[in-house]
Amino acid sequence: MHETYTLSNGITIPKLGLGTWMIDNDQVTEVVKQALKLGYRHVDTAQAYQNEEGVGRGVRESGIARDEVFVTTKLAAEIKSYEEAKAAIDESLQKMGLDYIDLMLIHSPQPWMEFGEEDRFYEGNLEAWKALEEAYRDGKLRAIGVSNFIETDLDNLLENGSISPMVNQVLAHISNTPFDLIDYTQSKGILVEAYSPIAHGAVLDNEQLVEMANRYDVSVAQLCIRYDQQLGLLPLPKTKTVEHLKTNAILDFTISDEDMETLKHVEKIKDYGEARVMPVFGGKLK
Ligand SMILES: NC(=O)c1ccc[n+]([C@@H]2O[C@H](COP(=O)([O-])OP(=O)(O)OC[C@H]3O[C@@H](n4cnc5c(N)ncnc54)[C@H](OP(=O)(O)O)[C@@H]3O)[C@@H](O)[C@H]2O)c1
């Protein structure tokens, strides 16, 4: 929880973050406060989660100094104009009640309803990026980045923007790890964050993983989170259960090279259950 990566602009970011997707605004304040009490120092939210207000309140009421907590939010995927992006950044700051946000990401290169379609919204992403760059220069954001960007989307910003993204947050968990995209992103000096590190819960009863987790005397969730860290990624496990908050942060074990190889080749998950219909996958997961 206290180890950090250093982003390309020199600021540090804790190697484990708490995901807050699907935690209601009125519940999330207590979850954030509990997590910070347990030692978490990094929280991930988004405009789309509709809980920025509760997350901000949790950070403010935690009793932990503001500069010791790393807070990330994301610009809604549908916002693809400079003016709308500029207003939305200020709205996040106001909702969270914070003077600055540590990291703000473009949530997706494509609006969710267009996810997986041909149009990559290059112009719209450059407009949104310009607003993020401006807020970064004004000190409202300490770092800026993207999420769900593939190589061509990254190239668009790298070639046409004036500041390189510092982070790309992508789906990355055992059984579904985008190795080529990770290599490409890291080769550009961009940190890769792993969302849904526990596959939204869908790998918890995988027999192969249960057997391996037992050998390390950890839970499948811990194995999943550690796997991402050992790939140099920053995992963002979500939980609102206190016991899970505690154990998910115990990562002082090392998965052997041999077991990492096995984990890299676990068969791709075919069914995320209820997550399949969530906007984040656009209901279009192949
Ligand atoms: N950028 C994007 O487009 C994007 C998309 C999806 C997610 N994200 C981010 O990534 C975060 C995590 O992803 P996610 O919420 O999809 O899924 P996840 O973290 O892979 O899995 C969460 C599920 O696992 C359960 N869980 C957590 N720890 C557990 C444990 N130790 N034992 C058993 N069950 C456990 C949780 O239930 P309990 O709450 O009951 O523990 C929840 O049902 C999100 O919250 C969000 O911040 C970003």
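How do the residues of the shell around the ligand divide into nonpolar, polar and charged?

1. The shell divides into twelve nonpolar, 13 polar and four charged residues. Here Ala, Val, Leu, Ile, Met, Phe, Trp, Tyr, Cys and Pro count as nonpolar, Asp, Glu, Lys and Arg as charged, and the others, Gly among them, as polar.

2. This is a predicted model, in which local features need pLDDT of at least 70 and side-chain atom pairs pLDDT 80 or more, while totals for chains, interfaces and linings use all residues. Residues are numbered from 1 along each chain as its sequence is written, and side-chain values use heavy atoms, without hydrogens and water.

3. The ligand is surrounded by 29 residues (a heavy atom within 4 Å). Asp44, Ser196, His200, Thr239 and His244 are the closest.

4. Oxygen atoms of the ligand lie 2.7 Å from a polar side-chain atom of Ser196 and 3.0 Å from one of Thr241. For Tyr49, an N or O atom of the side chain is 3.4 Å from a ligand nitrogen. The protein buries 89% of the 900 Å² that the ligand exposes when taken alone (Shrake-Rupley method, 1.4 Å probe).

5. Two charges sit over rings (NZ of Lys or CZ of Arg within 6 Å of the ring centre and within 35 degrees of the ring normal). The charged end of Arg66 is 4.1 Å from the ring centre of Tyr100; Lys130 lies over the face of Tyr82 at 4.6 Å.

Notes: Polar contact = N/O pair within 3.5 Å; in protein donor to acceptor, adjacent residues only side chain to side chain.
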